[in-house]
Amino acid sequence: MSAKEIVQKFYKSDALIDSEVMKDFLHPEVIVEWNSSKGFVQLNYESLLHLANDLSKAYVRSKVRISHIIAEKDLISVRYSHFVKTIENPREEMLLAHFITIWQIKDNKLFRGYQMSQLS
């Protein structure tokens with residue numbers, strides 16, 4: 001599987017709200033440097049799994065709509081919008097945020113992520 005296919009499969013899965021699924025995609029030494037509207041945070045393997053668990057408590061469904069994806073060797077740039085359905089209102093899809101992420105793939109896993117986001 002190519003690096004681009006790995007990233008596409010990751011975002012098409014339920015990994016963002018299911019830590020068991022996320023484990024399949026993360027390299028054990030993964031680091032994500034995330035600049036968000038709330039500031040900078042650095043996440044590792046455990047904190048990414050914790051984030052997925054937290055999201056699963058608030059959202060019953062997660063969908064990513066990729067608008068751009070560019071691959072160059074083991075680096076993938078992806079621009080996407082993240083939509084969710086809340087537990088309180090599972091029928092209504094809500095835009096959570098817009099993202100742009102650069103992933104580095106190592107051993108067919110997500111190894112380094114550089115991410116920026118903006119809330120909707």
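This is a predicted model: local features need pLDDT of at least 70, side-chain atom pairs count only at pLDDT 80 or more; totals for chains, interfaces and linings use all residues.
User: What does Val 84 touch, leaving out residues up to four places away in sequence?

Analyst: The contacts of Val 84 include Tyr 59, Arg 61 and Ser 62, and also Glu 92, Glu 93, Met 94 and Leu 96. A contact here needs heavy atoms within 4.5 Å.

User: How far is Val 84 from Ala 97 in sequence and in space?

Analyst: They are separated by 13 residues in sequence and by 9.6 Å between C-alpha atoms.

User: Why is Ile 102 called partly exposed?

Analyst: Ile 102 has 37% relative accessibility. Buried is under 20% and exposed is over 50%, with partly exposed in between, so Ile 102 counts as partly exposed. This residue is in strand β5, residues 93-106.

User: What makes the nonpolar surface patch that includes Ile 102?

Analyst: Leu 75, Ile 102 and Tyr 114 make the patch, which covers about 250 Å². A patch residue must have over 30% relative accessible area, and Ile 102 has 37% relative accessibility.

User: How do you know that β1 and β2 pair, and in which sense?

Analyst: Pairing takes at least two bridges. Strand β1 (residues 26-36) and β2 have six bridges, in the antiparallel sense. Trp 34 stands opposite Val 41 in β2, and the bridge partner of Glu 33 in β2 is Gln 42.

User: What about β1 and β6: parallel or antiparallel?

Analyst: β1 and β6 also have six bridges, in the parallel sense. With at least two required, they count as paired. Glu 33 stands opposite Tyr 114 in β6.

User: What is the strand order of the sheet, and which strands are at the edges?

Analyst: The order is β2-β1-β6-β5-β4-β3, in an open sheet of six strands with mixed pairing. The edge strands are β2 (39-44) and β3 (59-72), as each pairs on one side only. From one strand to the next, the twist averages 20 degrees.

Technical notes. Residues are numbered from 1 along each chain as its sequence is written. Side-chain values use heavy atoms; hydrogens and water are left out. Patches are made of residues with over 30% relative accessible area and no salt bridge: like charges are joined within 9 Å, nonpolar side chains (Val, Leu, Ile, Met, Phe, Trp, Tyr) within 5 Å. Accessible areas come from the Shrake-Rupley method with a 1.4 Å probe; for residues, only the protein chains shown count as cover. A salt bridge is a side-chain nitrogen of Lys or Arg within 4 Å of a carboxyl oxygen of Asp or Glu. Helices (H or I, at least four residues) and strands (E, at least two) are DSSP runs, numbered from the N terminus. Buried means under 20% relative accessible area, exposed over 50%, partly exposed in between (1.4 Å probe, protein chains only). Axes are lines fitted to C-alpha atoms, for helices over the stretch in contact, and angles run from 0 to 180 degrees between N-to-C directions.
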